[in-house]
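Subject: the structure I promised you

Hi,

Here is the structure I said I would pass on. Have it open while you read, and my notes follow below.

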Amino acid sequence: MNIDSEYCMICGSAEFGPVCEKSGFRYVGCARCRSVRQYPYPSDQEIAGYYADYQTKKSGESVYLTDAGYACFKRDKTFTFADLGLGNDAFAGKTVLDVGCGTGQFLQMMEDFRAASVLGMDISQECIDQARARELNCVCGDFLSLDGRYDVISMWHLIEHLRDPCQYIAHAYRLLNPGGWLLIETPVVGVISESFGADWRFFMPVEHINLFSQDALFCLGAKVGLDLRSWIRFGSGNTSGSMPAPNKRAMDVIAKKHGFGDTLAALFVK
């Protein structure tokens, strides 16, 4: 893959300025699409090394990618579906592909929601092995080489991990049946990321490579032929335990109500 750090892989602009430095790595902001990227982009070797023990690394920090985290994951996604106008029965009878499936939490959720078929894909063999141990249908591999047709493709906190997210969104469009859905959830830059600076929770070098602006994501969806059906922004930038729980709840409510949260979920339709 031809990756040139001098150009934004989201919009192609060569104009950018400094944003912050985190753990010895730099992030820069695109002058055209306002997205933020790691500079220079990490190499294939850096990325492969980071994900070699991804599940072990992440589960050591939180309940993310663990069985104990499933109830929290299901609760959060159920809220997100409601915000996007999707009921629990919206997935019944559909063919679903979850890209970046991790240990399979969304696959398990889709089985609970009576999807007709569910397939997960991830580049972490460690995560896939754990998902398969629970008899979930998933494969370790490259999404860009995948074929087939699907009613729903989901990318939960995936595109920020990619050096070239545009390729993934375009390929998702090709795999969707007419009327099919692409569900994306990703951190977005804006007033919260600017306020936190280098301390923003989603500046995570090597792991988080491209951090979209809202407009950049919406424009990219339109560029490949997708229609934006609904979206929601949530999250005040404060992690649990970083402040008293009532304060965090209040800040989260304000960020969501006024549409400037640091996480965006969107439903695109082919």
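Helix 6, which runs over residues 165-175, is mostly covered, with eight of its eleven residues buried. Keep in mind as you look that this is a predicted model. The buried ones in helix 6 are Pro165, Cys166, Tyr168, Ile169, Ala170, His171, Ala172 and Leu175.

**The cores**

Next, have a look at the largest nonpolar core, which has 36 residues. Leu97, Phe143, Ile153, Met155 and Leu182 have the most contacts inside this core. Two or more residues each come from strand 4, strand 5 (117-122), strand 7, helix 6, strand 8, helix 8 and strand 11 (263-269). Which element gives the most to this core? That is helix 6, with six residues.

Leaving out residues up to four places away in sequence, Ile153 touches Leu97, Val99, Ala172, Leu175, Leu176, Trp181, Leu182 and Leu183. Apart from this core lies another, made of 28 residues, including Tyr70, Ala131, Cys138 and Ile232.

**A pocket**

The second largest pocket holds about 160 Å³ of space. Its lining is made up of Ile10, Cys11, Arg32, Cys33, Cys166, Asp215, Ala216, Cys219, Leu220 and Lys223. Helix 8 gives the most to that lining, with five residues. How many of the lining residues are nonpolar, polar or charged? There are seven nonpolar, no polar and three charged.

Ser13 is in the segment before strand 1 (16-22). Is Ser13 buried or exposed? Ser13 counts as buried because its relative accessible area is 3%, and the cut-off for buried is under 20%. A polar atom of the Ser13 side chain lies 3.1 Å from the backbone nitrogen of Glu15. Setting aside neighbours within four places in sequence, Ser13 is in contact with Glu6, Tyr7, Cys8, Cys30 and Arg32.

Now for a few spots in the loops. Tyr39 and Pro40 are joined by a cis peptide bond, with omega about -5 degrees. You will find Pro40 in the loop between strand 3 (36-39) and helix 1 (44-51).

Then there are two residues other than glycine with a positive phi. Glu135 has phi near 65 degrees and is in the loop between helix 5 (125-133) and strand 6 (138-140). For Val206, phi is near 75 degrees, and its place is the loop between helix 7 and strand 9. Which is buried and which is exposed? Glu135 is exposed, with a relative accessible area of 73%, whereas Val206 is buried at 9%.

Happy clicking!

Terms used
Residues numbered from 1 in each chain as written. Predicted model: local features only at pLDDT ≥ 70, side-chain atom pairs only at ≥ 80, totals over all residues. Heavy atoms only, no water. Buried < 20%, exposed > 50% of the residue type's maximum accessible area, 1.4 Å probe, protein only. Helix = DSSP H or I, 4+ residues; strand = E, 2+ residues; numbered from the N terminus. Polar contact = N/O pair within 3.5 Å; in protein donor to acceptor, adjacent residues only side chain to side chain. Contact = heavy atoms within 4.5 Å. Core = buried A, V, L, I, M, F, W, Y, C linked by side-chain atoms within 4.5 Å. 1 Å grid on protein atoms, 1.4 Å probe; cavity = no way out; pocket = protein on both sides within 12 Å on 5 of 7 lines; lining within 4 Å. Points joined across faces, edges and corners; volume = space filled by probe spheres on them. Nonpolar A, V, L, I, M, F, W, Y, C, P; charged D, E, K, R; others polar.
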